Amino acid sequence: MDADLLIADCKLATMVKGDVPYGAIEDGAVLIKDGRIAWVGPRADLPEYKAEKIETLEGRWVTPGLIDCHTHLVFGGDRSGEFEQRLEGVSYEEIARSGGGIVSSVRATREDSEDELFASAMARLKGLKDTGVTTVEIKSGYGLDLDSELKMLRVARRIGREGGVRVRTSYLGLHALPPEHKDDRETYVTKAIEDILPAAHAQGLVDAVDAYCEPIAFSVEEISRLFAKAHELGLPVKLHADQLSDSDGAALAARYQALSADHIEYSNEDGIRAMAKKGTVGVLLPGAFLMLRETQVPPVDLMRQHGVPMAVATDCNPGTSPVASMTSTLNLACVQFRLTPEEALSGATREGARALGLQDELGTLEVGKRADLAVWNITRPAELSYWLGAPLLHSAWVDGQRRI
Ligand code: NIG
Ligand code: FE
């Protein structure tokens with residue numbers, strides 16, 4: 001077998017579902033050809049090969065490159081002042097209703113140039129990359145007018161070209177009402193659906209469509225219109241669902257075969273059942289849960305019971321989740337939501353890929369998949385969920401190219 005690269009002397013957490021925890025192979029090897037995994041298995045079974053390069057990892061653990069399937073990485077300004085307000089007892093909803101919150105990031109994002117947005121997002125991206133992330137989803141939603149939404153999405157695409165990670169974009173036009181439409185939501189909703197989304201799609205800037213379903217944001221009816229348009233354009237949908245209240249978001253997401261329903265702290269059992277039926281992934285965002293000091297834990301047991309795949313993501317954003325570490329997020333998912341370390345790592349690999357519709361390309365170490373790998377200085381995979389803030393990464397590879 002001809003290969004560009006042989007990775008050897010390593011332990012593999014393939015994350016392939018089966019009887020072996022983490023799909024582990026204790027003494028493994030990987031052959032990489034044209035950016036994809038050409039062969040993977042126990043070193044003893046390695047076929048005859050010719051490799052351009054050999055990388056020996058001195059027994060280190062290799063996992064699929066981590067996937068952060070829910071971020072708002074691109075934004076202007078800073079909201080640490082709101083953090084201070086919340087510590088004094090003002091709630092997130094109160095801040096939002098009094099003109100702060102998402103809308104304050106909208107003001108700052110509109111003011112920033114594309115270069116400024118790119119530079120600040122790249123600084124945050126470093127935290128994700130240093131914790132093993134090789135694929136990141138980035139949402140719009142702090143522009144909320146045509147030019148600013150397109151600007152955000154262009155910056156996200158640029159990060160995909162220049163940032164050393166794979167990027168998927170989501171259009172999040174129904175995130176908040178922009179200040180100029182404060183008193184006429186119908187005009188804005190129609191504009192987001194009929195003008196901004198089609199324009200962004202026509203420019204190749206949109207991989208999926210997202211929305212924020214909540215009394216302080218948008219209703220099931222408004223989002224249904226958006227999702228119908230997304231389907232008309234051939235785009236999959238995702239949803240910020242049931243974060244602060246049971247808004248029937250999980251059922252709405254399932255009704256439109258959403259790739260994922262995210263947050264889902266308050267989702268009800270019918271919604272979870274509907275998600276299971278449609279294969280909608282539940283994306284857990286423990287950073288936002290922590291920062292808002294939430295007490296309602298997402299229905300993890302119900303998801304296990306009904307077989308809803310669970311992903312884990314940072315939700316990196318300036319308001320509710322100023323979190324730029326994927327491994328710390330795994331820890332929070334275990335400590336706060338009682339995921340097992342294996343479930344948490346699956347959530348940042350196999351199920352994170354599914355939440356982006358990329359399960360055939362990414363998320364496990366299997367023949368044919370992209371050679372996106374993270375190599376770790378750990379003795380057991382559970383360490384990835386155990387440490388808070390320890391530097392565990394040895395190297396990261398995207399399409400078989402070393403990026404860190
Ligand atoms: O995922 N829930 C809505 N969107 C973000 C928060 C955005 C913000 O406050 O800026 C979230 O938590
Ligand atoms: Fe979010």
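This is a predicted model: local features need pLDDT of at least 70, side-chain atom pairs count only at pLDDT 80 or more; totals for chains, interfaces and linings use all residues.

Trainee: Into which domains is the chain divided?

Mentor: Domain 1 comprises 2-64 + 364-402, and domain 2 covers 66-355. Taken over C-alpha atoms, the centres of domain 1 and domain 2 are separated by 30 Å. Where the two meet, 25 residues of domain 1 are in contact with 22 residues of domain 2.

Trainee: In what order do the strands of the open sheet stand?

Mentor: The order is β5-β6-β7-β8-β9-β10-β11-β12; these 8 strands form an open sheet with parallel pairing. At the edges stand β5 and β12 (310-312), each with a single partner strand, so one side of each is left without a neighbour in the sheet. On average, neighbouring strands of this sheet are turned by 25° against each other, direction ignored.

Trainee: Which strands are joined to β6, and by how many bridges?

Mentor: Strand β5 (residues 66-68) runs parallel to β6 and is joined to it by 3 bridges. Within this pairing, Ile-67 stands opposite Thr-135 of β6. Strand β7 (residues 166-174) is also parallel to β6, with 5 bridges between them. There, Lys-139 has Ser-170 in β7 as its bridge partner.

Trainee: Is strand β6 mostly covered or uncovered?

Mentor: Strand β6 (residues 133-139) is mostly covered, as 7 of its 7 residues are buried, that is, under 20% relative accessible area.

Trainee: In which sense do β9 and β10 pair?

Mentor: Strand β9 (residues 238-241) pairs with strand β10 (residues 260-263) in the parallel sense, over 4 bridges. Leu-239 stands opposite Ala-261 in β10.

Trainee: Which strands does helix α7 lie across?

Mentor: Helix α7 (residues 220-232) lies across β7, β8 (208-213) and β9, and runs at about 180° to β8.

Trainee: How are two packed helices described?

Mentor: One states the angle between their axes and the distance between the axes. In this model, helix α5 (residues 146-162) packs with helix α6 (residues 185-202) at an angle of about 30°, and their axes are 10 Å apart. The crossing of α5 past α6 is right-handed.

Trainee: Which residues make the contact between α5 and α6?

Mentor: From α5 come Leu-146, Glu-149, Leu-150 and Leu-153, and from α6 come Ile-196, Ala-199 and Ala-200. The residues of this contact divide into 6 nonpolar, no polar and 1 charged.

Technical notes. Residues are numbered from 1 along each chain as its sequence is written. Chains are lettered from A and ligands numbered from 1 in the order in which they are written. Side-chain values use heavy atoms; hydrogens and water are left out. Buried means under 20% relative accessible area, exposed over 50%, partly exposed in between (1.4 Å probe, protein chains only). Helices (H or I, at least four residues) and strands (E, at least two) are DSSP runs, numbered from the N terminus. Two strands pair if DSSP finds at least two bridges between them. Axes are lines fitted to C-alpha atoms, for helices over the stretch in contact, and angles run from 0 to 180 degrees between N-to-C directions. Contact means heavy atoms within 4.5 Å. A crossing is left-handed if the near helix is turned anticlockwise from the far one by less than a right angle, and right-handed if clockwise. Ala, Val, Leu, Ile, Met, Phe, Trp, Tyr, Cys and Pro count as nonpolar, Asp, Glu, Lys and Arg as charged, and the others, Gly among them, as polar. Domain bounds come from an automatic or database domain assignment.
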